[in-house]
Amino acid sequence: MSIKHLTFDASVSIAFGSITNTYADLLALTDDIDLLFLFNTTDVAILLNIPNGANSRKDFRMPAGSSVAIDCRTNSKRIAKGTIQVKYVSAPTSGEVTVTGCR
């Protein structure tokens with residue numbers, strides 16, 4: 001049996017001054033992913049718009065200064081390919097939003 005290693009996509013960040021109240025593209029997923037690491041080091045809540053299956057999208061709210069890892073491997077699920085987008089709830093004055101995907 002061979003070992004299957006994780007492949008990391010490049011981390012993508014957007015600084016607080018470039019986040020607006022309309023969605024900006026953050027990470028383009030060219031294929032489904034197994035893991036997603038999200039970091040919001042801004043001083044405000046942000047909304048991430050994430051692919052949600054075939055032809056669907058959902059908002060994912062992250063509080064200020066939060067991080068989360070979404071691991072789909074245990075349930076044999078994947079996050080659908082597409083573009084992850086970001087916008088603020090109220091204008092941030094510091095920090096950044098960083099996203100990394102793994103297959």
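**Terms for the views.** Buried means under 20% relative accessible area, exposed means over 50%, and partly exposed covers what lies in between. The model shown in every view is predicted.

**View 1. The salt bridge between Asp34 and Arg78 joins two loops.** The closest N and O atoms of Asp34 and Arg78 are 2.8 Å apart, and the two residues form a salt bridge. Distant parts of the chain are linked by this pair, since Asp34 lies in the loop between β2 and β3 and Arg78 in the loop between β6 and β7, 44 residues apart. The two partners can be described by their accessibility: Asp34 is buried, because its relative accessible area is 11%, whereas Arg78, with a relative accessible area of 41%, is partly exposed.

View 2. The whole structure holds 3 salt bridges, and among them is the pair of Asp9 and Arg103, whose closest N and O atoms are 3.0 Å apart. This pair also links distant parts of the chain, with Asp9 in the segment before β1 and Arg103 in the segment after β8, 94 residues apart. Asp9 has a relative accessible area of 18% and is therefore buried. Asp71 and Arg73 form another salt bridge, with the closest N and O atoms 2.8 Å apart. Here Asp71 is partly exposed at a relative accessible area of 33%, and Arg73 is partly exposed at 46%.

**View 3. An open sheet of 4 strands runs in the order β1-β8-β3-β6.** The pairing within this open sheet is antiparallel. Strands β1 (12-15) and β6 (66-71) stand at the edges, and because each has a single partner strand, one side of each is left without a neighbour in the sheet. From one strand to the next, the twist averages 10°. Strand β3 (residues 35-40) and β6 run antiparallel and are joined by 6 bridges, and Leu38 has Val68 in β6 as its bridge partner.

View 4. Thr98 belongs to strand β8, which spans residues 96-102, and it counts as buried because its relative accessibility is 13%. The side chains of Thr98 and Ser13 are joined by a polar contact of 2.7 Å. When neighbours within four places in sequence are left aside, the residues in contact with Thr98 are Ser11, Val12, Ser13, Phe37, Leu38 and Phe39.

**View 5. Strand β7 pairs with both β2 and β4.** Strand β2 (residues 24-29) and strand β7 (residues 82-88) are antiparallel and pair over 5 bridges, with Leu27 standing opposite Ile84 in β7. Strand β4 (residues 46-51) also pairs with β7 in the antiparallel sense, in this case over 4 bridges, and Ile46 stands opposite Tyr88 in β7.

View 6. A search of the whole structure finds 0 disulfides. Cys72 is in no disulfide, the nearest cysteine sulfur being that of Cys102, 11 Å away. Cys72 counts as buried at 11% relative accessibility, and Cys102 is buried with a relative accessible area of 0%.

**View 7. Ala54 occupies the loop between β4 and β5 (57-62).** With a relative accessible area of 71%, Ala54 is exposed. Ala54 and Lys81 are 27 residues apart in sequence, and their C-alpha atoms are 9.0 Å apart in space.

Notes
Residues numbered from 1 in each chain as written. Predicted model: local features only at pLDDT ≥ 70, side-chain atom pairs only at ≥ 80, totals over all residues. Heavy atoms only, no water. Pairing = 2+ DSSP bridges. Axes fitted to C-alpha atoms, helices over the stretch in contact; angles between N-to-C directions. Buried < 20%, exposed > 50% of the residue type's maximum accessible area, 1.4 Å probe, protein only. Polar contact = N/O pair within 3.5 Å; in protein donor to acceptor, adjacent residues only side chain to side chain. Contact = heavy atoms within 4.5 Å. Disulfide = S-S within 2.5 Å. Salt bridge = Lys/Arg side-chain N within 4 Å of Asp/Glu carboxyl O.
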